[in-house]
Amino acid sequence: MLLIEDLQVKLGNKKILKQVNLEIKPGETHILFGPNGSGKTSLLMTIMGYPQYKVTGGRILFKGEDITHMNIDERARLGIGMSYQRPPSIQGLKTRGMVQICANNGVDVDSLAKEINFSDFLDRDINVGFSGGEIKRSELLQLMAQKPDFLLFDEPESGVDVENIALIGKTISRLLERDIHATQDKSKKQLTKERARMGLIITHTGFILDYLTADKGQVLYNGALACMGNPIEIFKQIKEVGYGECVRCVA
Amino acid sequence: MRSLDDMAHEAKDKKAAIGPDIDLDTYSLESVTHADLKNLNTMSKEDRERMTLAGLDVSEKGRAGTYIQRDATAVHSGSNIDGLEIIPIKKALAEIGWIRDYYWKLAAVDTDKYTARVRLDLQDGYVIRVLPGKKVTLPAQACLYLEKEGFNQNVHNIIIAEEESELHIISGCASAAHVTRGLHAGVTEFYVKKNAKLSFTMIHHWGKDVVVRPRSVGIVEKGGLFLSNYISMKPVKSVQMYPTIYLVGKGAVARSYSLLVASPGSELDVGGRIYLQAKDTRAEIVSRTITNGGNIISRGDIIGEVPGVKGHLECHGLILNGGVMHAIPELKGLVDGVELSHEAAVGKIAQEEILYLMSRGLTEEEATATIVRGFLSIDIPGLPAPLKAEIDRAVELSQKEVM
């Protein structure tokens with residue numbers, strides 16, 4: 001479980017998160033909406049533990065542990081993983097090597113890459129000259145190897161071509177254990193109940209909603225989470241009346 | 001006409017154009033005797049280990065031939081392959097007529113006091129020649145080993161890739177573990193003939209007070225390819241070298257790659273200069289340098305003398321724990337229609353890259369090591385697999401110490 005209480009965050013001298021409260025229960029996936037510059041990426045980076053995001057108040061609990069001041073790698077080992085919108089490129093580090101790092105032990109990189117249509121990129125330096133869509137597939141491939149319990153996605157569909165968008169959507173759905181099918185032993189309901197993977201997804205286009213059913217939607221506005229509800233309903237409202245009006249109406 | 005010896009005598013005290021000056025008189029020319037070496041495994045474990053670190057395969061498996069010189073003495077020399085000749089240069093000068101067509105034909109004896117010293121006090125060195133049309137993909141290996149404390153080793157090497165041939169050489173220079181101080185002066189002349197392919201990979205593994213002055217010149221004829229790689233990642237007092245390659249035949253190509261690490265107390269002044277003198281010639285000079293508290297001057301110079309030639313220079317430097325990094329890329333176009341470019345960057349490891357790797361579960365130290373390893377792993381095209389593996393191994397062994 002992730003629990004964020006009264007979180008306040010500064011980036012440089014700017015207060016970017018004023019008061020964020022958020023609870024994501026085991027097995028839940030939340031969608032994070034909000035206009036440009038509202039602090040969505042900052043919230044994800046703060047949860048991941050990027051040191052330039054200074055927590056000035058409140059706390060973050062994950063799996064019952066206070067991770068507010070934990071190092072980024074400790075959080076990764078505790079089970080938090082992130083798909084970045086614009087990750088840095090690293091010269092000389094092959095994508096294959098990066099995937100192995102994520103897995104932390106033997107992993108069949110080739111077969112994983114095949115699943116996300118990324119085989120041709122394994123022997124290229126990670127993110128060097130990758131297009132926006134290629135970066136998204138590379139990020140997903142890394143998370144497939146890393147298998148975190150809580151996944152943060154920063155606009156995973158931006159820049160992805162039409163040919164790959166369904167693949168991205170389905171892969172995220174699978175990573176978050178949303179594509180549940182009943183088995184001989186267990187019903188779909190039972191499996192859903194047992195699901196532990198958690199997700200927090202930033203989306204602008206809402207495209208991802210076509211591929212997975214999220215449990216809740218939230219709107220980050222003026223540094224605080226302004227409302228919570230059915231993500232599809234919220235997205236509809238935003239499209240119809242814009243963020244400002246949406247926040248006012250739901251609040 | 002003045003003889004080469006006369007010229008050398010006149011240049012005996014001539015300081016090098018660049019690099020700290022060395023007082024030659026503080027090093028000894030008196031050598032000790034080393035016996036012939038039939039089997040490399042009869043050397044002491046310590047020596048074998050030091051040579052291995054400089055790229056030598058003491059088993060000789062997977063090598064086309066071997067030359068080993070200890071101090072002043074050639075102790076082992078031979079080829080395992082027909083069409084490949086490996087001969088100590090003193091023996092070649094005494095017995096082979098054609099060697100005079102190559103000996104001191106590219107390098108000038110009066111370049112500076114180090115070339116003069118090699119001319120006047122030649123101890124030995126290797127001649128490696130591959131015959132026309134013969135393609136040898138297994139690397140030949142050479143090791144110039146400094147064993148006597150305070151010794152001045154003077155070698156002269158000649159490498160000839162005849163027409164349509166292929167040759168790969170891994171040349172390791174090392175000093176014994178007990179040697180702290182010494183001077184290595186070496187002249188190497190490279191001849192890459194029509195459509196021949198030569199790769200020369202030099203790995204240095206010296207002691208911390210050893211000074212090194214290689215003087216190399218190469219010539220590449222029509223359609224020839226010359227790959228020159230240099231790896232120096234161990235503490236050494238001072239290395240200064242600026243090898244020069246002339247591309248004289250249509251379509252000749254030269255590529256030079258350097259991987260350098262300078263530790264505290266080390267000064268590396270290393271560069272490459274390539275003259276594009278014929279149509280369609282191409283040059284590439286790439287360096288990846290890290291200072292870990294030492295000084296690095298990374299030079300590069302490409303000179304385009306005829307239209308339609310292309311050259312690219314790339315110097316990337318990282319400052320990890322203090323030290324000085326000085327990149328000096330130079331380009332000269334002497335006519336219309338040359339295309340020369342360079343990129344140079346001196347900096348630190350980007351924090352963003354470290355954090356990215358940490359978010360995948362690596363500790364800060366592991367992340368830094370991964371980035372350094374990536375920085376030093378440049379893909380060198382055209383090298384046979386065993387040589388590639390040897391370079392990777394040298395980098396892997398050395399980068400641990402960088403951290």
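Predicted model: local features only at pLDDT ≥ 70, side-chain atom pairs only at ≥ 80, totals over all residues.
Which residue of β18(B) does B:Asp269 stand opposite? B:Asp269 stands opposite B:Ile297.

**Parallel strands in chain B**

Strand β15 of chain B spans residues 267-270. Strand β18 of chain B covers residues 295-304. β15(B) and β18(B) run parallel and are joined by four bridges. β15(B) has another partner, strand β12 of chain B, residues 238-241. This pair is also parallel, with four bridges. Here B:Gln240 stands opposite B:Asp269.

**Chain B as a whole**

Chain B contains seven helices and 21 strands. Its radius of gyration is 20 Å, close to the 22 Å that the globule rule gives for 403 residues, so chain B is as compact as a globular protein of that length. Along the principal axes, the C-alpha atoms of chain B fill a box of roughly 65 × 55 × 45 Å. Of the 403 residues, 55% count as buried. Among contacts in chain B with a separation of 6 or more, 83% are between residues 24 or more positions apart.

**A covered helix**

Helix α4 of chain B runs over residues 113-120. Is it mostly covered or mostly uncovered? Mostly covered: seven of its eight residues are buried. Those buried are B:Lys113, B:Tyr114, B:Thr115, B:Ala116, B:Arg117, B:Val118 and B:Arg119. The cover includes α1 (4-10) of chain B. It also includes three strands of chain B: β6 (152-161), β8 (181-192) and β10 (209-220).

**Where chain A meets chain B**

How many residues of chain A are in contact with chain B? There are 18, and they touch 19 residues of chain B. On the chain A side, the elements giving two or more residues are α2 (72-78), α3 (95-103) and α5 (132-146). The largest share, four residues, comes from α2(A). By class, this side of chain A has 11 nonpolar, five polar and two charged residues.

Terms used:
Residues numbered from 1 in each chain as written. Chains lettered and ligands numbered in written order. Rg over C-alpha atoms; globule rule 2.2 N^0.38 Å. Buried ≥ 20, exposed ≤ 12 C-beta atoms within 10 Å, placed from the backbone. Contact = placed C-beta atoms within 7 Å. Pairing = 2+ DSSP bridges. Nonpolar A, V, L, I, M, F, W, Y, C, P; charged D, E, K, R; others polar.
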